[in-house]
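Subject: Model for your files

Hello,

Here is the structure I said I would pass on. My notes follow it.

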Amino acid sequence: HELAREFGISPLVCERLVFRHGSEARRILALTRDDPALAPVATRALARVSPDAGRSLGAAGVSLFGVVADGDRWREGLLASLRSDDESTARAAAEALVSRPEGLAAAARAAADDPALARLCVAAAAAVAPTAAAWSALASLGAVSADDLALLAESLPDEEAINAARAEPDPARRLMLLARFSPPAGPTDGAIPTDASAWRALTFFQLGRDAEAITEGGAVPSETFQDLFGVDPVIAASLCLGQPAPPDRPEPSPETWLSAIERAGRTDRDRAGQLIEAARRLAQDWDASVRVRLAEVEAEIEK
């Protein structure tokens, strides 16, 4: 076998490496050649033995174990190594974990209430797996600091940042993801995707930053907002400010009225009352289901 001759190992071990790891086999063997002490790690990991196989040999051993092992032993071994007192070993374990979906979920559970582990996992994700999935798993953990979130948000490629923003329920965290799309800087290629501007406008509106919502969403067609969200945050923000919507915007839809009333109820109850009065005059032309929702929103605001 070519790899067996090149690296001086048993053809049987080589065949198993190739069978289980395909093109990764050469990288695994290169690691063991550069550090001969890792060869036993590869052998033990392939034999599915102790999850401590990598931990005992430090960061390089953990990295190799993370490549060649799998299943419960892979997860258990890396979680044990994640708590190593040796910083490089713990970092290697974190990077191996966040590189696989099942490891990312396990790392998030381990770091949920541990700021040190949370910082380690966020740094690992930013370094080797900057994806929307990593953001989803780690960003909402109570142990993650604002600085950790900023690091992870900045590490995501533009498309991943938009994907993460679409799924992010918290407006403040979503705005962090979309900060790179702030004009005039824009993303790395200089073009701001319409989706990014639309999500920024909606987020500004949800945060009560109405003037910014109007400015940010000015270039986004109302039809695009309707397709994405069912409401136009530019019109809703104008309603909350008590000013006419830009002239290129259609009349507010019932959904946009409701969105404006709900948001105003959180930030300006007097303005919410004014909007409710105005909406009542229009509600006779709305569907019965929308009139019911208007009554529910009004009752919620009056609590």
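A125 is found in helix 9 of this predicted model; helices (H or I, at least four residues) and strands (E, at least two) are DSSP runs, numbered from the N terminus. A125 is buried, its relative accessible area being 0%, where buried means under 20% relative accessible area, exposed over 50% and partly exposed in between (1.4 Å probe, protein chains only). Leaving aside residues up to four places away in sequence, A125 touches V98, P130, A134, L138 and L152; a contact is a pair of heavy atoms within 4.5 Å. A96 lies 29 residues from A125 in sequence, with 9.6 Å from C-alpha to C-alpha.

On conventions: residues are numbered from 1 along each chain as its sequence is written, and side-chain values use heavy atoms, with hydrogens and water left out. As the model is predicted, local features need pLDDT of at least 70 and side-chain atom pairs count only at pLDDT 80 or more, while totals for chains, interfaces and linings use all residues.

The protein chain has 20 helices and zero strands. Of its 303 residues, 46% count as buried. Among contacts with a separation of 6 or more, 54% are between residues 24 or more positions apart.

Next, the cores. A nonpolar core is a set of buried Ala, Val, Leu, Ile, Met, Phe, Trp, Tyr and Cys residues joined through side-chain atoms within 4.5 Å. The largest has 81 residues, and those with the most contacts inside it are L78, L82, W135, L138, L152, I261 and L275. Helix 9 (residues 115–128) gives the largest share of this core, eight residues. A second, separate core of five residues includes A4, C14, A25 and L29. As for L82, its contacts beyond four places in sequence are A90, A93, A94, L97, A110, L117, L120 and C121.

I301 lies in helix 20 (residues 288–302) and is buried, at a relative accessible area of 11%. Not counting residues up to four places away in sequence, I301 touches I261, G265, R269, A272 and I276. I301 and R266 are 35 residues apart in sequence and 8.1 Å apart in space, C-alpha to C-alpha.

How do helix 14 and helix 16 cross? The axes of helix 14 (residues 194–206) and helix 16 (residues 222–229) come within 11 Å and cross at roughly 75 degrees. Axes are lines fitted to C-alpha atoms, for helices over the stretch in contact, with angles from 0 to 180 degrees between N-to-C directions. The two helices are therefore roughly perpendicular (65 to 115 degrees; under 35 is roughly parallel, over 145 roughly antiparallel, the rest oblique). On the helix 14 side, T194, D195, A198, W199, A201 and L202 meet T224, F225, L228 and F229 of helix 16.

A search of the whole structure finds two aromatic pairs; rings of Phe, Tyr and Trp (its six-membered ring) pair if their centres lie within 6.5 Å, and planes under 30 degrees apart count as stacked, over 60 as edge-to-face and the rest as tilted. The rings of W199 and F229 have centres 4.8 Å apart and planes at 80 degrees, so this pair is edge-to-face. W199 in helix 14 and F229 in helix 16 are 30 residues apart, and both are buried. Ring pairs join W199, F225 and F229 into a cluster.

Regards
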